[in-house]
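Try each task before you read its solution.

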Amino acid sequence: MRIRFASPLAKRLGSGECTIDAPQPITVAEVVAILAGRFSHTEVFRDGTADGFVPYVWMAFKNGRYLLNPDDRLEDTDELEFIPPIMGG
Amino acid sequence: MGGYNNKLAYVNLTANTVSWRMLTREECRTWIGGSGLGAKLLCEHSSPGIDPLGPDNPLIFTTGPMTGSFIPGAGRHQVVTKSPLTGIYGEADAGGKWGTVLKASGYDGIIILGQTTRPVYLYVHDGIVEIFDASALWGLDIYDTDAALKNLHGPDVTVAAIGPAGEQQVLMATIVTEGRKAHTAGRGGLGAVMGSKGLKAIVVAGDRPVPVHDRQRLERSIEALAATIEKRTAALQEFGTAGGITGFERIGDMPVKNWSQGSWPAVEKISGQTMSATMKTGRSKCQSCPVGCRRTVKNKSRYGSVDGAGPEYETLGMFGGACLIDDLEAITQANELCNRYGIDTISTGAAIAFLMDLYEKGFVDLEKLHGAPIAPGHLPVWGNAEAMLWLIHAIGRREGIGRVLGQGVRRAAEIIGGRAHECAFHVKGLEMPAHDPRAFNSMALGYATSNRGACHLQGGSYFFEKAATMPEIGITKILDRFRTDNQGDIQARLQDIMCLMDSMKLCKFLLYGGVNLTVITEWLNCLTGFDYTVEEMLTIGERIFNLKRLYNIRCGIGRADDTLPRHILEEPRPDGGAAGNLPPLAAMLQEYYQARGWDGDGRPSPDTLARLELCEY
Ligand code: SF4
C-alpha cells in the first residue's frame with residue numbers, strides 16, 4: 001500500500017512517501033502501528049496512536065477525501081495520506 | 001453566587017450620563033452572560049427596526065461568568081449590537097485581557113446608548129465610569145490610541161478602541177483591544193457602531209478578583225484535564241492557527257482565487273511553519289490560557305515594518321488564498337494595516353478578492369468606481385500584493401474605491417451592478433470566512449443558519465469533523481465531513497453549545513483539548529454555585545440561539561435568507577481535496593428546521609417558544 005505524507009510532516013519524517021506490505025484489509029490504526037515502527041526515530045506516529053485516535057499530531061486521509069476513524073478499513077488500492085493536524089481557524 | 005459582579009453600567013452618550021443596575025440572579029441563571037446576556041439586553045433596549053448607525057442602537061460589551069477566572073481559555077468578552085454591515089443581529093468576541101480587566105473594574109458589562117457629536121472615551125475603574133473628551137485621539141490609529149491612553153492613565157490600563165475606519169463608519173470596522181496585540185472583535189462592522197456614537201475607546205482598570213463558589217473542586221477538575229489540553233493542542237501551540245493552513249488547503253477548504261480554484265500548492269509559502277521559520281518572535285496567550293495559539297512576529301520588508309501580532313489562519317486564507325498572494329511578508333503587512341485602521345481582515349480580504357475577480361471577468365469599470373485612474377501597479381490582478389495593500393489603505397481611510405469596498409461585498413455588488421453579484425461571497429451580508437462549505441457539508445448548514453451571517457464558529461461543526469468529540473450529543477468519533485444524513489440535529493445542538501461557550505466566555509479552541517459539555521457544566525457549577533445539568537445547559541443554549549433568531553425574524557429574515565451564494569451550491573470545486581462535492585443544503589435545511597422546532601419559513605413554532613420561555617420576545 002502506498003502512503004503519502006504532506007509537507008511539513010514529510011520534513012519531520014524525512015520522506016514524502018513510503019509503501020508497506022500489509023495483510024488486507026487493514027485498519028488505519030494498524031497502519032499507524034506499522035508506521036510507528038518504521039519511523040521510530042520521530043515521535044510522529046508514536047504520539048498519534050496514544051490516547052485513542054485523536055488527530056492532534058496528524059490526520060489521515062483516504063483517496064484524497066475522507067478523514068478517518070481508527071477502525072476504518074483500507075484496501076491495497078486505496079491511497080492513504082497523512083497531513084499535518086488542522087486546528088484553529 | 002460566584003462568577004459575577006452582579007452589576008451592569010449604562011452610559012448614555014446623548015445625555016452624557018452614567019448609571020448602573022444590578023444584574024439579577026435570574027438573569028445570570030437564564031442567560032449566563034456574554035452572548036446570551038448581550039442578546040437579551042439588545043432585545044430589551046432596542047427594536048429591530050432601528051438604524052444600526054443611529055442613536056437608538058445599543059452597543060453592548062459583556063463578560064461571562066468565566067471571564068477573568070483561572071479557567072483555561074476564559075479571558076474573553078463579547079460585543080453585541082445590530083450590525084451595520086448585515087442589518088441583523090451582530091456580535092463578535094475577542095480574547096486577550098480586556099474583558100478580564102473590565103470585570104476586575106467591578107462590572108459584568110457596559111451598555112452604551114445614544115450618540116455624541118464630540119468624540120469621547122470612557123475610563124472605567126473601581127466601579128466608576130467617567131466620560132472624557134477624545135478630540136485629541138480622533139484620527140489616531142489603534143496602536144497610537146493605545147499608547148496615548150496608556151500615557152494618560154498609566155501603563156497598567158487596558159484599552160479597547162476603534163481606529164480611523166471605525167471613526168469613518170466603515171462597515172467592516174472592528175473594535176480592537178490591547179493595541180498592537182490586536183485582540184479583535186472583528187466581524188459585522190461593530191467598530192462603525194462605536195464610531196457612530198462618537199466613542200473612541202473604553203479604558204479599563206481594576207484588580208477585583210472573580211469570586212469562585214467552590215475553588216478546590218474547580219481546581220481539581222481543571223487539573224484533571226490539564227495534561228490532555230496540553231497534549232492535544234500541541235500543534236496549535238507550536239504553529240498557531242496558521243499551522244493548519246497546509247491541511248486546510250489539502251482538504252479543499254481554502255477560498256482559493258475567490259472560491260473558484262480547488263487547490264493552491266503555493267500555500268506552503270505562507271504557512272504557520274514558514275512564519276515560525278522566518279519571522280516569529282514568540283507566542284502570545286489570552287488571559288488564563290495554557291494554549292497560546294497567537295503569534296508575535298517581527299518583520300522588515302519592502303512593504304514596511306511589523307512588530308506585533310502575526311496573521312491568523314483566516315487572514316492568510318483571505319489575503320493569501322482568496323487573492324492568490326503567496327508572499328508572507330505582504331500578508332503580514334496587510335494584517336498590520338488592518339489592525340492599525342481597525343478593519344476586519346476576513347471582510348477586507350473578501351472585498352479585495354471580489355474586486356480582483358470582477359476585474360478579471362470585466363465586470364467592473366475601475367476608473368468610474370475609484371473616481372480617478374488607477375496606477376498600473378495598483379491594478380487588482382490576482383497575486384498583486386501592492387494592489388492589496390493600496391486597497392487596504394483605501395478601505396481604512398474610506399477613500400475612492402475603498403468607499404465602495406468598505407461597505408462589504410453585498411452592497412458593493414449592488415452599487416457596481418451587472419453581474420458583480422456573481423463574485424460576491426457572503427451570507428446575509430457577512431463575507432464568508434476562509435472555509436469552503438463544499439469541503440464540510442455541515443459548514444454549508446452552519447453558514448446558512450448562523451445568526452450573524454456566514455460564520456464558521458457559530459456552529460463550529462467542522463471541529464468535530466477534524467479533531468474533537470462531544471459525547472453528550474452523540475458525537476463519539478470524528479464525523480465524516482461529506483455525510484448527508486443527520487446534519488440538522490447535530491448542527492442545531494452544536495450551535496446551542498457554541499452559544500453556551502460564547503455566553504460563559506470560554507474559548508472554543510479548548511474543544512480541541514478534550515473540553516466537552518460535561519466538563520464545562522462542571523466548571524460553571526463550581527464557579528457560580530448553580531446546579532446546572534447538561535440537559536439544562538443545552539436548553540439554555542437553545543434559548544439563546546432562538547432569541548437571536550427572533551431578533552432576525554423581526555429584521556425581515558426568513559427561509560429565503562438561509563442560503564449560500566449560488567456558486568457554492570452549484571459549482572463543485574474543480575480539483576483538490578473537496579473536488580466534485582456540493583453540499584445538499586435544501587435537504588439539510590429541512591431536517592434542521594424540524595430539529596429546531598421551526599416552521600417551513602424558519603420561524604420557531606408556538607410550542608418551541610413556550611418550551612424555551614421566549615413568548616415575551
Ligand atoms: S486558544 Fe488561542 S484564542 Fe483561545 S484563549 Fe487561548 S490563546 Fe486565546
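**Exercise 1: a residue in chain B**

Thr158(B) has a relative accessibility of 2%, so it counts as buried (buried is under 20% relative accessible area, exposed over 50%, partly exposed in between, with a 1.4 Å probe and protein chains only). Before going on, note that this is a predicted model, where local features need pLDDT of at least 70, side-chain atom pairs count only at pLDDT 80 or more, and totals for chains, interfaces and linings use all residues. Residues are numbered from 1 along each chain as its sequence is written, chains are lettered from A in the order in which they are written, and side-chain values use heavy atoms, leaving out hydrogens and water.

Solution. 

**Exercise 2: the interface**

Task: work out how many residues each chain gives to the contact, and which residues form the salt bridge.

Solution. 
- Step 1: chain A brings 23 residues and chain B brings 34.
- Step 2: the rule finds 1 salt bridge across the interface of chain A and chain B (a side-chain nitrogen of Lys or Arg within 4 Å of a carboxyl oxygen of Asp or Glu).
- Step 3: the partners are Glu81(A) and Arg250(B), with their closest N and O atoms 2.2 Å apart.
- Step 4: on the side of chain A that touches chain B, β4 (59-62), β5 (66-67) and β7 (80-83) are the elements giving two or more residues.

How values were computed. Contact = heavy atoms within 4.5 Å. Helix = DSSP H or I, 4+ residues; strand = E, 2+ residues; numbered from the N terminus.
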